[in-house]
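Here is a short walk through one protein model. Keep the sequence and the 3D view side by side as you read.

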Amino acid sequence: MSLDQKFEAAETAVKALTKRPTDEELLELYALYKQATIGDCDTPKPGIFDLKGKAKWEAWKGKKGNSKEAAKEAYIKHVGELMEKYK
């Protein structure tokens with residue numbers, strides 16, 4: 001199974017969680033997904049009143065410099081941990 005196939009399988013698996021992960025776990029999942037699919041953050045920082053958008057932007061910005069492949073591997077690992085914890 002290639003890295004891309006494992007990544008796609010993890011994308012599907014995470015949607016089957018029966019319980020909601022913590023906000024921190026979800027932010028990590030979001031940041032890794034964005035880094036894996038787009039690369040370094042390429043959007044302007046959200047406004048001061050967009051707290052959710054700002055948290056997501058900061059999480060993604062924190063992954064700057066990681067390769068897409070490294071982010072995919074980290075995403076797959078993180079999804080595996082969530083599956084054990086929340087399924």
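**Salt bridges across the chain**

Start with lysine 72. This residue is buried, at 15% relative accessible area, because buried means under 20%. The model is a predicted one. Aspartate 4 is partly exposed, with a relative accessibility of 39%. The two form a salt bridge, and their closest N and O atoms are 2.4 Å apart. Lysine 72 sits in helix H4, which covers residues 68-86, and aspartate 4 in helix H1, residues 3-14. The pair therefore ties together parts that lie 68 residues apart in sequence.

Stay on helix H4 and find lysine 85. Which residue does the side chain of lysine 85 meet in a salt bridge? The partner is glutamate 25, at 2.9 Å from N to O. Glutamate 25 belongs to helix H2, residues 23-37, and the pair links distant parts of the chain, 60 residues apart. Is lysine 85 buried or exposed? Lysine 85 is exposed, with 53% relative accessible area. Glutamate 25 is buried, at 13%.

Now turn to glutamate 28, also in helix H2. Glutamate 28 forms a salt bridge with lysine 63, and the closest N and O atoms are 2.9 Å apart. Lysine 63 lies in the loop between helix H3 (51-61) and H4, so this pair ties together parts 35 residues apart in sequence. Lysine 63 is buried, with 14% relative accessibility. Glutamate 28 counts as partly exposed, at 29%.

How many salt bridges are there by this rule? The count is five. Among them are the pairs lysine 72 with aspartate 4, lysine 85 with glutamate 25 and lysine 63 with glutamate 28.

How values were computed
Residues numbered from 1 in each chain as written. Predicted model: local features only at pLDDT ≥ 70, side-chain atom pairs only at ≥ 80, totals over all residues. Heavy atoms only, no water. Salt bridge = Lys/Arg side-chain N within 4 Å of Asp/Glu carboxyl O. Helix = DSSP H or I, 4+ residues; strand = E, 2+ residues; numbered from the N terminus. Buried < 20%, exposed > 50% of the residue type's maximum accessible area, 1.4 Å probe, protein only.
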